[in-house]
Amino acid sequence: GGGGIHTESHNNSPHTGGESSPTAPWVLNSATQTVVDNIVTLLRYDLPMRFQQFKCALESDGAVSKRLYLIKMEYRAPFRAFLESHGMVQRNPKLETVERYLKMQQEEEEEK
């Protein structure tokens, strides 16, 4: 009675080395087993590691962007002041013109 049922299930077990039942989902051929192993490795190790690398890269990129923004803000005011003073210097008359004018003024003083 009960022994026959045990033997029947034992023969369908993948560990017996006998013929496998086509309905048993855990019995895989070697190519399918390789694919399953690769997927398990991908899910357990590769993807978490790559996500961690991606996260670190994003955080690093964010830190660099923040530093660049701070540098931009730090140098914006002095650079703007430089540009404004440069514009004022450009609007002033040339030194030769000022010297010529002073010389003319001096000559007028001497004539009097």
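Predicted model: local features only at pLDDT ≥ 70, side-chain atom pairs only at ≥ 80, totals over all residues.

User: Which elements make up the protein chain, and in what order do they run from the N terminus?

Analyst: The protein chain has three helices and zero strands, and its elements run α-α-α from the N terminus on.

User: What share of the 112 residues is buried?

Analyst: A residue is called buried when its relative accessible area is under 20%; in this chain, buried residues make up 3% of the 112 residues. The accessible surface of the protein chain comes to about 10,500 Å², and 59% of that area belongs to carbon and sulfur atoms.

User: Which residues make the nonpolar surface patch?

Analyst: The patch, of about 550 Å², is made by Val-35, Ile-39, Leu-42, Leu-43, Leu-47 and Phe-51. Phe-51 lies in helix H2, which spans residues 30-91, and it is classed as exposed because its relative accessible area is 57%, where the cut-off is over 50%.

User: Which residues gather in the patch of negative charge?

Analyst: On the surface, that patch brings together Glu-107, Glu-108, Glu-109, Glu-110 and Glu-111. Glu-110 belongs to helix H3, residues 95-111, and its relative accessibility of 61% is why Glu-110 counts as exposed.

Definitions and conventions
Residues numbered from 1 in each chain as written. Heavy atoms only, no water. Patch = residues over 30% accessible without salt bridge, like charges linked within 9 Å, V, L, I, M, F, W, Y side chains within 5 Å. Areas by Shrake-Rupley, 256 points an atom, 1.4 Å probe, with all protein chains shown as cover. Salt bridge = Lys/Arg side-chain N within 4 Å of Asp/Glu carboxyl O. Helix = DSSP H or I, 4+ residues; strand = E, 2+ residues; numbered from the N terminus. Buried < 20%, exposed > 50% of the residue type's maximum accessible area, 1.4 Å probe, protein only. Lys, Arg positive; Asp, Glu negative; His and termini not counted. Charge placed at Lys NZ, Arg CZ, Asp CG, Glu CD.
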